[in-house]
Amino acid sequence: EYDEAMEIFQDLLRMKCVSLGSNHPDIAYAHKCIGNVHVKQGEMVNAITQYKHAYDMYHRILGDDHETTKSMKNNMAAVRQNLMIQQRAQERREGVGYDDRRRYKRRK
């Protein structure tokens, strides 16, 4: 179902770019939707890339103080935090942890 959603949003992005040009809030929204699908699939790096496209467009078109721009910035921060948590969990599974001095060391 996510693959189908991804196809739909990518088609939407292509159609919107043709009909509206590349500098329109609807284009940013399509990037946000694609990012949302990546989040649902656990693909945080790809989600951040799409969210960054959306944020940059919202910032340029709507300005820094617009609620949509702020919301997109918060979404990016949340996904980055989630990515850091995933990376730490992976490190723990691979046997890397913190010692008492809060430095990384290999567990024995």
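The model is predicted, and local features need pLDDT of at least 70, side-chain atom pairs count only at pLDDT 80 or more, while totals for chains, interfaces and linings use all residues. Residues are numbered from 1 along each chain as its sequence is written, and side-chain values use heavy atoms, with hydrogens and water left out.

Q: Why is α2 called roughly antiparallel to α3?
A: Happy to set the value against the cut-off. The axes of α2 (residues 25-40) and α3 (residues 44-62) cross at roughly 160° and come within 8 Å. Angles under 35 degrees count as roughly parallel, over 145 as roughly antiparallel, 65 to 115 as roughly perpendicular and the rest as oblique. The crossing angle therefore makes α2 roughly antiparallel to α3. The angles run from 0 to 180 degrees between N-to-C directions, with axes fitted to C-alpha atoms, for helices over the stretch in contact.

Q: What makes α3 roughly antiparallel to α4?
A: The axes of α3 and α4 cross at roughly 160° and come within 9 Å. That is why α3 counts as roughly antiparallel to α4. The crossing of α3 past α4 is left-handed.

Q: Which residue classes make up the contact of α2 with α3?
A: Residues including Ile 27, Ala 28 and Ile 34 in α2 meet residues including Ala 47, Gln 50 and Tyr 51 in α3, where contact means heavy atoms within 4.5 Å. The residues of this contact divide into 14 nonpolar, seven polar and one charged. Here Ala, Val, Leu, Ile, Met, Phe, Trp, Tyr, Cys and Pro count as nonpolar, Asp, Glu, Lys and Arg as charged, and the others, Gly among them, as polar.

Q: Why is Gln 50 called buried?
A: Gln 50 has a relative accessible area of 15%. Buried means under 20% relative accessible area, exposed over 50%, and partly exposed in between (1.4 Å probe, protein chains only). Gln 50 is therefore buried. This residue of helix α3 touches His 31, Ile 34, Gly 35 and His 38, not counting residues up to four places away in sequence.

Q: What makes a set of residues a nonpolar core, and which element gives the most to the largest one?
A: Such a core joins buried Ala, Val, Leu, Ile, Met, Phe, Trp, Tyr and Cys residues through side-chain atoms within 4.5 Å. The largest has 19 residues, and Tyr 51, Ala 54 and Tyr 58 are among those that touch the most other members. Helix α3 gives the most, with eight residues.

Terms used: Helix = DSSP H or I, 4+ residues; strand = E, 2+ residues; numbered from the N terminus. Left-handed = near helix turned anticlockwise from the far one by under 90°.
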